[in-house]
Structure formats: structure tokens, C-alpha cells
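Student: I would like to go through some helix packing in this model. Could we begin with the terms used for angles?

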Amino acid sequence: MSLNWFVPWYPSWPMAAFLALGAGLYLRGSLRRRTPAWRQALFWTGWVLIWQGLQTQWDYLAEHEFFVHMLQQTALHDLGPLLVIAAWPGPTWRSGLPARWRQRWLLPLLRLAPVRWASALLLNAAIAVALFSGLVVFWLVPAVHVGVMLNTHLYQLMNWTMVFDGLLFWWLVLDPRPAPPAHIRPGWRVFLPVIGMLPQMALGAVLALNSTDWYPIYSLCGRAVAGLSAMSDQHLGGLILWIPASAINVLASMAALRRWMRLSERRPAEPARAAAARAPQGATHAPQAPRHA
């Protein structure tokens, strides 16, 4: 691969700062917490995918081929954030922050009323699933998509919303904790990815099967792959949205089911442990019957 690939097509210092901060905190936290190797592998694979989609020449190809754009959006919205959250990086990120910063800045920030209101709104299951599928469909509306491809700021806004919405949604789905403190009950988490993928599947099927060029902007900008017709490009992009993106949702649903089963297995043992902890000293054995002379 040419080193030119790693030169951002749209350099953005906020994106670069976000990626560097997330990577630096995770590296520091994983060294302090001794994070398992498999979790680190999931996180770094997902984080590299997100970086590739945000700050490399991928943007150039995504502006000149619709199917490359769909691969980019799948990486930013589905696969990359899914791998990051599957590693459950929150505790590691917190460990990466100095304790003084957590006490002085992070905790007071989380207690602010606007932050709590925004969290309650965005972490609502109905709103989260509507945003997850709705943003994908919205950015692919032909009239909207043309404006995005012609405006650098809108293009970067689209990519930002894909990343943060993906991280938020998969955090709700793959939360390994019971509810509370998790925001959604474990059973509901299994169905959220299935519900969220239905509008994407429908749009992907329409793009893959119709015979009308919905996105002539790619032909006007010039195509990067010689010999690929506009309709072939659109059909391929539709197939990516229809099948691989849906498969990622199915895998996430299976992962949520596995975590639900683990919580269910853990639950029956908790009352017994709590009762044993409350029992008085020396009362762990049943009393013996009195002996008769």
C-alpha cells in the first residue's frame, strides 16, 4: 500500500484529536488495568477501522465510487464501533485518565443537568434505534446526498454522526451489566439490532434491484474505477448495505443474546451469596439435634 494512502484527503484537527485522545487513553488505561489481550485486539481493530474511514485517502475514493462510500459508512457506523464497544473500553478509558482529572472534571461534568438530560434522551431505546437506522437512510436520500458530496463540512458532519451514533448504539446493545445500571434490559438489547437493520435492508434492496441512477453526482465527479458503470456501482453499494451491514447487526444481536444468557446464569447465585453474607457468624451449618442420655 502506498504511503500516500495515509495522507488525509480532508485533514481535520478535531478528528485527529479525537482519534489520538481515544487511542492514548486506552493505551494508558490498558497498561494500568492489564486489559486482556483479546479485548485490546478488538478495540485496536475497531479504532483503526474508524481512523481509516475518517482520516485517509478512503475519503477520496468514497467521493468517486458509491460502493466505496458504502464500505466506508459500514466501517464507520457498524463494524468499527461494534468492535470497539465489544471490547467494553469504558473502564479502560477511565483508568487512562489521571484520578485528579476524573474527580475535578469528569464527575462534575456528568452531574450537570444538561448532560443528564441529553443522556436520558439519547440513551432511550426508541430514540437510539430510530437514530441508528434513520441517520443511514437520511444521508442516502438523493437530494441530501448530492449536497453532502459537494460540501466538505457536511461530508465531515455525516462521518461524525456515523461514528458517534454507532458507538452510542452498540454501547446500549452490548452493555454487559444488568439493568440498572444499564439503560436497557438485557432481553431488549437482543432485538434492537434486528429492528435497526430493517430500514437499512429495505433501502439496500431498493438500491440493489432498481434500474434508476439515484446518484449521478459520482459520474459528474469522475469515477475512480475504470469500466464500472453507474448502475453496477449503485447495485454493488446497495448489496453492501443490504447484506454485509445486516449481517453485522445479526452478529451483534447474537452477542447481546450471549451476554443476556451470562447474566441469567449469574442471577440465581446472587441471592444465595447475599443470604450467606447476611447470616450471623457460626450460623452457616444447621443445628444438630440434642443428644439424649
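Predicted model: local features only at pLDDT ≥ 70, side-chain atom pairs only at ≥ 80, totals over all residues.

Student: At what angle do helix 8 and helix 10 pack?

Tutor: Helix 8 packs against helix 10 (residues 152-173) at about 155°, and their axes are 9 Å apart. The two helices, helix 8 and helix 10, are therefore roughly antiparallel to each other.

Student: Is that crossing of helix 8 and helix 10 left-handed or right-handed?

Tutor: Helix 8 and helix 10 cross in a left-handed manner. On the helix 8 side, the contact uses Ala128, Val129, Leu131, Phe132, Leu135, Val136 and Trp139. Helix 10 contributes Leu157, Met158, Thr161, Met162, Asp165, Phe169, Trp170 and Leu172.

Student: How many residues in the contact of helix 8 with helix 10 are nonpolar, polar or charged?

Tutor: That contact has 13 nonpolar residues, one polar and one charged.

Student: Turning to helix 11, at what angle do the axes of helix 8 and helix 11 cross?

Tutor: The axes of helix 8 (residues 125-139) and helix 11 (residues 186-209) cross at roughly 20° and come within 9 Å. That makes helix 8 roughly parallel to helix 11, and the crossing is right-handed.

Student: Which residues meet between helix 8 and helix 11?

Tutor: From helix 8, Ala125, Val129, Phe132, Ser133, Val136 and Val137 meet Leu192, Ile195, Gly196, Pro199, Gln200 and Leu203 of helix 11. Nine residues of this contact between helix 8 and helix 11 are nonpolar, three are polar and none is charged.

Technical notes
Residues numbered from 1 in each chain as written. Heavy atoms only, no water. Axes fitted to C-alpha atoms, helices over the stretch in contact; angles between N-to-C directions. Helix = DSSP H or I, 4+ residues; strand = E, 2+ residues; numbered from the N terminus. Parallel < 35°, antiparallel > 145°, perpendicular 65-115°, else oblique. Left-handed = near helix turned anticlockwise from the far one by under 90°. Contact = heavy atoms within 4.5 Å. Nonpolar A, V, L, I, M, F, W, Y, C, P; charged D, E, K, R; others polar.
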